[in-house]
Amino acid sequence: MSEAELHILKSRLQGGILNKARRGELEMPLPIGLVYTPDARVVLDPDRPIQDTMRLLFDTFRETGSARAVVRRLRGEKILFPRRIRRGIGKGDVLWSELTIPACSRFCTTRVMPARLPMGACAQPTMPSSNPCSCAWRDPIGRF
């Protein structure tokens with residue numbers, strides 16, 4: 001294939017992805033604790049230990065206001081955190097390991113919507129009033 005053909009092919013593939021996003025049909029990998037149903041809705045993971053751990057994470061973040069404090073408390077209590085294998089051998093399996101500060105920060109600042117929305121049609125996250133220095137935060141688990 002020539003370079004021009006590769007460019008056209010890449011443009012068409014990217015255009016298809018953008019069209020799916022505009023229609024609200026683009027499925028992206030969800031953070032742990034949320035899954036797609038067969039009819040493409042986003043719901044809580046049916047695995048109860050995962051739900052309990054995610055609720056504990058957000059409750060602790062609500063109390064402390066920082067990812068570092070959440071990690072310190074969960075590690076102090078020896079609580080393991082779930083993560084899902086996204087590709088390769090064991091795809092979809094859940095591994096339990098210690099929570100890290102970057103992972104906690106990523107979960108506590110996620111912008112997950114309870115329904116698939118067209119591209120650009122999302123609500124803005126809010127700043128918690130008690131701690132103006134913290135990251136933009138919203139509790140995706142609490143919305144389900």
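1. A quick word on terms to start: a residue is called buried when its relative accessible area is under 20%, exposed when that area is over 50%, and partly exposed in between (1.4 Å probe, protein chains only). By that rule, buried residues make up 28% of the 144 residues in the protein.

2. Keep in mind that this is a predicted model, where local features need pLDDT of at least 70 and side-chain atom pairs count only at pLDDT 80 or more, while totals for chains, interfaces and linings use all residues. Residues are numbered from 1 along each chain as its sequence is written, and side-chain values use heavy atoms, with hydrogens and water left out.

3. On the overall layout, the protein has four helices and four strands. Reading from the N terminus, the order is α-β-β-α-α-β-β-α. Helices (H or I, at least four residues) and strands (E, at least two) are DSSP runs, numbered from the N terminus. Taking a contact as heavy atoms within 4.5 Å, 54% of the contacts with a separation of 6 or more are between residues 24 or more positions apart.

4. The accessible surface comes to about 9,700 Å², and carbon and sulfur atoms hold 56% of it. Accessible areas come from the Shrake-Rupley method with a 1.4 Å probe; for residues, only the protein chains shown count as cover. Met 1, Leu 6, Leu 9 and Leu 13 make a nonpolar surface patch of about 450 Å². Patches are made of residues with over 30% relative accessible area and no salt bridge, with like charges joined within 9 Å and nonpolar side chains (Val, Leu, Ile, Met, Phe, Trp, Tyr) within 5 Å. Leu 9 sits in helix α1 (residues 3–23) and is partly exposed, at a relative accessible area of 42%. An α-helix has 3.6 residues a turn, so residues three or four places apart point the same way.

5. Helix α2 (residues 48–64) deserves a look. Its 17 residues reach 24 Å from the first C-alpha to the last, close to the 24 Å expected at 1.5 Å a residue; the expected span is 1.5 Å times one less than the number of residues. The buried residues of α2 are Ile 50, Gln 51, Thr 53, Met 54, Leu 57, Phe 58, Thr 60 and Phe 61. They pack against β2 (42–44), α3 (67–76), β3 (81–84), β4 (94–97) and α4 (101–108). Just after α2, Gly 65 takes a positive phi of about 85°.

6. Thr 53 in α2 has a relative accessible area of 10%, so it counts as buried. A polar atom of the Thr 53 side chain lies 2.8 Å from the backbone oxygen of Pro 49. Leaving out residues up to four places away in sequence, Thr 53 touches Leu 80, Phe 81, Pro 82 and Trp 96. Gln 51, also in α2, is buried at 12%. A polar atom of the Gln 51 side chain is 2.6 Å from the backbone oxygen of Asp 45. Beyond its neighbours within four places in sequence, Gln 51 is in contact with Leu 44, Asp 45 and Pro 46.

7. Salt bridges next: a search of the whole structure finds six, each being a side-chain nitrogen of Lys or Arg within 4 Å of a carboxyl oxygen of Asp or Glu. In one of them, Arg 84 pairs with Asp 45, the closest N and O atoms being 2.4 Å apart. This pair links distant parts of the chain, with Arg 84 in strand β3 and Asp 45 in the loop between β2 and α2, 39 residues apart. Asp 45 is buried, with a relative accessible area of 4%, whereas Arg 84 is partly exposed at 28%.

8. Glu 63 and Arg 73 form another salt bridge, with the closest N and O atoms 2.6 Å apart. Here Glu 63 in helix α2 is joined to Arg 73 in helix α3, ten residues apart. Glu 63 counts as exposed at 57% relative accessibility, and Arg 73 as partly exposed at 34%. Asp 39 and Arg 41 also meet through their side chains (3.3 Å, N to O); Asp 39 is exposed at 52% and Arg 41 partly exposed at 49%.

9. Last, a backbone point. Most residues other than glycine have a negative phi. Lys 78 is not a glycine, yet has a positive phi of about 60°. Lys 78 lies in the loop between α3 and β3 and is exposed, with a relative accessible area of 70%.

Technical notes:
Polar contact = N/O pair within 3.5 Å; in protein donor to acceptor, adjacent residues only side chain to side chain.
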